[in-house]
2 protein chains.
Amino acid sequence: MFGVTILGNNSALPAHGRHPTSQIITIADEEILMIDCGEGTQMRIRDFRVKTSKLNHIFISHLHGDHYFGAIGIITSMALVGRTQSLHLYAPAPLHALILTQLKIADSTLPFELIFHPLTKEELLADEEKFSVSCFKVFHRIECYGFIINEKHRPRKIMPAKAEEYNIPLTFYKKLQAGEDYSAPDGSVIKNQMVTIEGKKNRSYAFCADTYYTEAYVSAIKDVDLIYHEATYLNDLELQAKQRFHSTAGQAAKIALKAGAKALLLGHFSSKYKDLSAFESEAKEIFPNTEVTQEGVTYIVP
Amino acid sequence: MFGVTILGNNSALPAHGRHPTSQIITIADEEILMIDCGEGTQMRIRDFRVKTSKLNHIFISHLHGDHYFGAIGIITSMALVGRTQSLHLYAPAPLHALILTQLKIADSTLPFELIFHPLTKEELLADEEKFSVSCFKVFHRIECYGFIINEKHRPRKIMPAKAEEYNIPLTFYKKLQAGEDYSAPDGSVIKNQMVTIEGKKNRSYAFCADTYYTEAYVSAIKDVDLIYHEATYLNDLELQAKQRFHSTAGQAAKIALKAGAKALLLGHFSSKYKDLSAFESEAKEIFPNTEVTQEGVTYIVP
């Protein structure tokens, strides 16, 4: 499964049952990633039964409170339940000093290694076996990054008749899916391509954080499958959106269209809107495959 | 009304629907005070429809995260809704630098004055028209304070027959209750004591924060009407309680008994306990007028 679970999709203030930004990315069923961590995220992941034992990477787009105030709470709660495995935290540099200060004034230490990666430029941040994550610059009032998560190495598809023909044992099938050749007992080698074909294409997801509308970052997210884009306002407040370094639903849709995405998720709604139906209609006029996100829902990358 | 509304009564981790420490003190119906502010408190006050426009004083007992991680969120949310009136924050000194850093890295300023009062010793912290607040030292792993809130100047009780006898106009009754003498049109002065008697006694409330059991602070809370005391564990874990600088339900009851309080509220329960009925029975054996607090409930000072 490669999906995005929305923990919070409101901007700035919590309102209308919506919470500050946070989302969980489930990838390859083994590990989960978190993007942004607004206040109360540790309660949200508890409510949604997200296992923090599988959470090893947290990415923070920028240091406005509605995107990071919950980070210290998650980290110290992991410590309280006795976590020992390392945790990678990717964020603008000042967050590291802040967390170290908070631990110091509490006279606390962590029972696990917190590996802090300061965001300073567009680069590959994590390159794991089954996924990679890179960041790109977006345009907000303070330094702000979007993230692209790429699936890696989806299994090759076995041709069963061919595999049987070469007497490849079932116990070797997982290795075939991973692309390995088979060495038969008689010393002959069955090349992987003779018994498998390419599996499903690796997919990608882009989180575009807080930004005003500009095409400057379209190249960075070109051809991703799924985009989450902020839509703080509707088009009638385009000027206000620009002044506050935010986007409208219509602008988010334009970005998805220009990037050639398959689907668009909208979030980061202003507290001034209780009903979000206009966000959907405004975006769909430009980019039909748009969803107004709901908290607690998991959206599968198409 | 002089009452304590529990927003969070769990220790360390949020669990079993219980939240980290925070409570609202309603006093004289005009102002509310907050004691401690764990993560998510701004969502809790929204849920319980607490008006932050009436909240002008926040007291933080100590700098463990479950008592203060929500402070920056409340403060920045007050800014977002355009607060202009000053806010007094009383806490150990490092919180001030932390908040200033968080504002700086967000490139934000507050549209109101944040008046920070560092807690450094036992002293009178606030002396307002209708209440006063002082702090006292309790004994935790890091510097930690309890708070005593005293009602002031409850109205004198008018003797209606006497007031009529002296032809005191109804419009002056509020001043009579406040203790003023009445100057009649003929120049004569009606002394207040001639037409009023003492009103109800001023009450007091003590929040005892996180502490291990010791009688060292009993003198500070002697004869208060209502005590909120932490009861992280039950008596069978007395040793663990001591080692972790916490108290048991039985110890909290002993403190209430020795202080001569009228009633005791228990809180700050360890996440290891889902059912809290044993806390009630253990404490009531020693101090019968004990309540195991529930979040969302307001307890009136007797």
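Student: Which residues is B:Leu264 in contact with, leaving aside its neighbours within four places in sequence?
Tutor: B:Leu264 is in contact with B:Ile227, B:His229, B:Ala252, B:Ala253, B:Ala256, B:Ala283, B:Phe287, B:Asn289 and B:Thr290, where contact requires that the C-beta atoms of two residues, placed from the backbone, lie within 7 Å. This is a predicted model, in which local features need pLDDT of at least 70 and side-chain atom pairs count only at pLDDT 80 or more, while totals for chains, interfaces and linings use all residues. Residues are numbered from 1 along each chain as its sequence is written, and chains are lettered from A and ligands numbered from 1 in the order in which they are written.

Student: And which residues have the most contacts inside the largest nonpolar core?
Tutor: They are A:Ile227, A:Leu264, B:Ile227 and B:Leu264, in a core of 152 residues. Such a core is a set of buried Ala, Val, Leu, Ile, Met, Phe, Trp, Tyr and Cys residues joined through C-beta atoms within 7 Å, and a residue is buried if 20 or more other C-beta atoms lie within 10 Å of its own.

Student: How much of chain A is buried?
Tutor: Buried residues account for 45% of the 302 residues in chain A.

Student: OK, new topic: how is chain A divided into domains?
Tutor: Domain 1 takes in 2-154 + 200-300 and domain 2 takes in 157-197, with bounds from an automatic or database domain assignment. The C-alpha centres of these two domains of chain A lie 40 Å apart.

Student: What about the contact between the chains, how many residues does each give?
Tutor: Chain B gives 26 residues and chain A gives 26 residues. On the side of chain B that touches chain A, the largest share, 5 residues, comes from α3(B), helices being DSSP runs of H or I with at least four residues, numbered from the N terminus. That side divides into 13 nonpolar, 9 polar and 4 charged residues, counting Ala, Val, Leu, Ile, Met, Phe, Trp, Tyr, Cys and Pro as nonpolar, Asp, Glu, Lys and Arg as charged, and the others, Gly among them, as polar.

Note on methods
A residue is buried if 20 or more other C-beta atoms lie within 10 Å of its own, exposed if 12 or fewer, and partly exposed in between; C-beta atoms are placed from the backbone. Helices (H or I, at least four residues) and strands (E, at least two) are DSSP runs, numbered from the N terminus.
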